[in-house]
Amino acid sequence: MAKTALITGITGQDGSYLAEFLLEKGYSVHGIVRRSSTNGAERLDHIRDRVSLHSADLLDQCSLINTLEAVEPDEVYNLAAQTFVPTSWAQPLLTAEITALGVTRMLEAIRAVGGGGNVRFYQASSSEMFGRVQEVPQRETTPFYPRSPYGVAKVYGHWITVNYRESYGMYCVSGILFNHESPRRGEQFVTRKIADAVGRIKLGRQSKLKLGNLDACRDWGFAGDYVRAMWLMLQQDQPKDFVIGTGKAHSVRDFVELAFRQVGLDSQDHVEIDPSLVRPAEVDHLIADPSQANDRLGWSPAVDFPDLVNMMVDAGLVDLASQIADRPANRSGVNLHEARENVSAINA
């Protein structure tokens, strides 16, 4: 019998990749979306006819209960959050309400509908919880030391998930995911900002790219690989939290240099440092130790760092070319090899 999954944050980067993955597995896929007067589900356009969307909100527990009763899911993936770290400094209370307390509301909703013993719950934890790192690399036992309101909120969400697992016997797990990117990444994130700017500079639509700390290091992987780890975590006999990452760290400078090299440009000719873009409190050397995920889940990333950078740059170029030609672009359908063929034609 086919399983049913409910995804919060289904319209986001991870949610769209997870929905695709679960559909391929034969799941009935449902997603929670906040009521809005605008269409925020562009990432789902290519699979919209195969998923069911429900109006609910992590700020409203009644709406969560109603959705759970209607869907009766086997698995719940809580990917929704206020995910942009700089915004968490500007809106710390909203970040806490959604990213921290929203987890509790969902867990309580699952208990309220009597699904505490049957529904398997995945919580999207984050490497930002490690913040001022206590050891390198970071593993499941590394103490947390968050350095932003976002990181603090994620720590709450992580520990409340552990508490519900231990207190109520619920199948609840947290995936401590390190940075994962894709062509579907939001425009406000530095990787997407770099990739899109490189395209505009290559095609003469922009001259300079302003960035903050080029020496900040992250363990960057491909989002499409990481949703597979989420699913694997809910298929185990016993619930357990896992660190998910590549085990390799790269600086923002590395990302920038590779991105410009992809289009035949020198980054030093086009990048400027803007002190206003530096975080109030920067995290330290974030790098995962994914050995437990490798050994126990059989998981490892398929896309390496250079291919990830090239994929994002190519997608940005294709988008820009579509705008120039006045035709719609679809990032959700971007294929790495097809994108490179299109870019070759643009550069010719």
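**Notebook: burial, cores and salt bridges**

I began with arginine 184, which counts as buried at 4% relative accessibility, where buried means under 20% relative accessible area, exposed over 50% and partly exposed in between, with a 1.4 Å probe and protein chains only. I note that this is a predicted model, in which local features need pLDDT of at least 70 and side-chain atom pairs count only at pLDDT 80 or more, while totals for chains, interfaces and linings use all residues. Residues are numbered from 1 along each chain as its sequence is written, and side-chain values use heavy atoms, with hydrogens and water left out.

**Entry 1: salt bridges**

I looked up the partner of arginine 184 and found a salt bridge with glutamate 20, whose closest N and O atoms are 2.7 Å apart; the term stands for a side-chain nitrogen of Lys or Arg within 4 Å of a carboxyl oxygen of Asp or Glu. Arginine 184 sits in the loop between strand 7 (180-181) and helix 6, and glutamate 20 in helix 1 (residues 13-24), so this pair ties together parts that are 164 residues apart in sequence. Helices (H or I, at least four residues) and strands (E, at least two) are DSSP runs, numbered from the N terminus. Glutamate 20 is buried too, at 18% relative accessibility.

How many salt bridges does a search of the whole structure find? I noted 13 of them. One of these joins glutamate 181 to arginine 185, at 2.9 Å from N to O, and I found glutamate 181 buried at 2% and arginine 185 buried at 12%. Glu135, Arg139 and Asp289 belong to one network, made by salt bridges that share partners. Within it, the side chains of glutamate 135 and arginine 139 meet at 3.0 Å, N to O, with glutamate 135 partly exposed at 26% and arginine 139 partly exposed at 27%.

**Entry 2: glutamine 138**

I then turned to glutamine 138, found in the loop between strand 5 (120-126) and helix 5 (149-168). Is this residue buried or exposed? Glutamine 138 counts as buried, at 0% relative accessibility. A polar atom of its side chain lies 2.8 Å from the backbone oxygen of glutamate 135. Not counting residues up to four places away in sequence, glutamine 138 touches several others, including Phe130, Phe178, His285 and Asp289, contact being heavy atoms within 4.5 Å.

**Entry 3: nonpolar cores**

I looked next for nonpolar cores, which are sets of buried Ala, Val, Leu, Ile, Met, Phe, Trp, Tyr and Cys residues joined through side-chain atoms within 4.5 Å. The largest has 62 residues, and among those with the most contacts inside it are Ile7, Tyr122 and Ile244. Helix 7 (residues 223-233) gives the most to this core, with eight residues. Another core, of 20 residues, lies apart from it and has Val76, Ile110, Tyr164 and Cys172 among its members. For isoleucine 244, I listed contacts beyond four places in sequence, among them Phe178, Tyr226 and Trp299.

**Entry 4: arginine 205 and the cysteines**

Arginine 205 is placed in the loop between helix 6 (190-202) and strand 8 (209-211), and I found it exposed, with a relative accessible area of 52%. Leaving aside neighbours within four places in sequence, arginine 205 is in contact with Arg200, Leu320 and Ile324. The C-alpha atoms of arginine 205 and leucine 320 are separated by 9.5 Å, although the two are 115 residues apart along the chain.

Last, I checked for disulfides, meaning pairs of cysteine sulfur atoms within 2.5 Å, and the count came to zero. Cysteine 62 is exposed at 52%, whereas cysteine 217 is buried at 18%.

Technical notes: Polar contact = N/O pair within 3.5 Å; in protein donor to acceptor, adjacent residues only side chain to side chain.
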